[in-house]
Amino acid sequence: DLPGYSLRRAASAMMADLGFRLATIGLRATDASVMLLIDATADVTASAIGRVLDIQRANMVPLLNRLETGGLIRRVPLDRKSFSLELTPDGKARLTKAREIMASFETDLMNRVPLEHRPHLVPALNALWRD
């Protein structure tokens, strides 16, 4: 009868499942989220990614370093003081695999929800965090 507790448990279980699936290709859920945003946004900077995904700068630096060291992203000079981020060819290939994994995960997640609740699930969840 505690919706907050149920939501937390559901989120933890689902994120653990997604994390396990993405680990098969050497990614974390946060890595995949960052790579999706880089792929979708021209000239995106680390600070813009941090704002959109609500990642603190202290956490962003090691995350981007890990992706760069792994050969998945590269920093490209944007102006005299900023760098944009882009996927490398290996990063694009890995993101393609990650998208397949995430699509399968989303399908499996929705299949766990009773049919009559499926049309309402995403709007209800979005209402909890969107203004």
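**Figure 1. Contacts and overall layout of the chain in the predicted model.** Residues 24 or more positions apart make up 49% of the chain's contacts with a separation of 6 or more, where a contact means heavy atoms within 4.5 Å. This is a predicted model, in which local features need pLDDT of at least 70, side-chain atom pairs count only at pLDDT 80 or more, and totals for chains, interfaces and linings use all residues. Residues are numbered from 1 along each chain as its sequence is written, and side-chain values use heavy atoms, with hydrogens and water left out. The chain has 6 helices and 2 strands, in the order α-α-α-α-β-β-α-α along the sequence. Helices (H or I, at least four residues) and strands (E, at least two) are DSSP runs numbered from the N terminus. A box of roughly 55 × 30 × 25 Å along the principal axes holds the C-alpha atoms.

**Figure 2. Helix H3 and its packing partners.** Helix H3 spans residues 46–53, and its residues Ala 48, Ile 49 and Gly 50 are buried. Buried means under 20% relative accessible area, exposed over 50%, and partly exposed in between (1.4 Å probe, protein chains only). The buried residues of H3 pack against helix H2 (29–40), helix H4 (57–69) and strand E2 (83–87). Across the 131 residues of the chain, 28% count as buried.

**Figure 3. Two aspartates with positive phi.** Asp 43 lies in the loop between H2 and H3. Its phi is near 55°, a positive value in a residue other than glycine. Asp 43 is exposed, at a relative accessible area of 52%. Asp 54 sits in the loop between H3 and H4, just after H3. Asp 54 is not a glycine either, yet has a positive phi of about 60°. The relative accessible area of Asp 54 is 66%, which makes this residue exposed.

**Figure 4. A nonpolar surface patch.** Helix H6 (residues 118–129) gives the most to the patch, with 3 residues. Leu 7 belongs to helix H1 (residues 3–23) and is partly exposed, with a relative accessible area of 38%.
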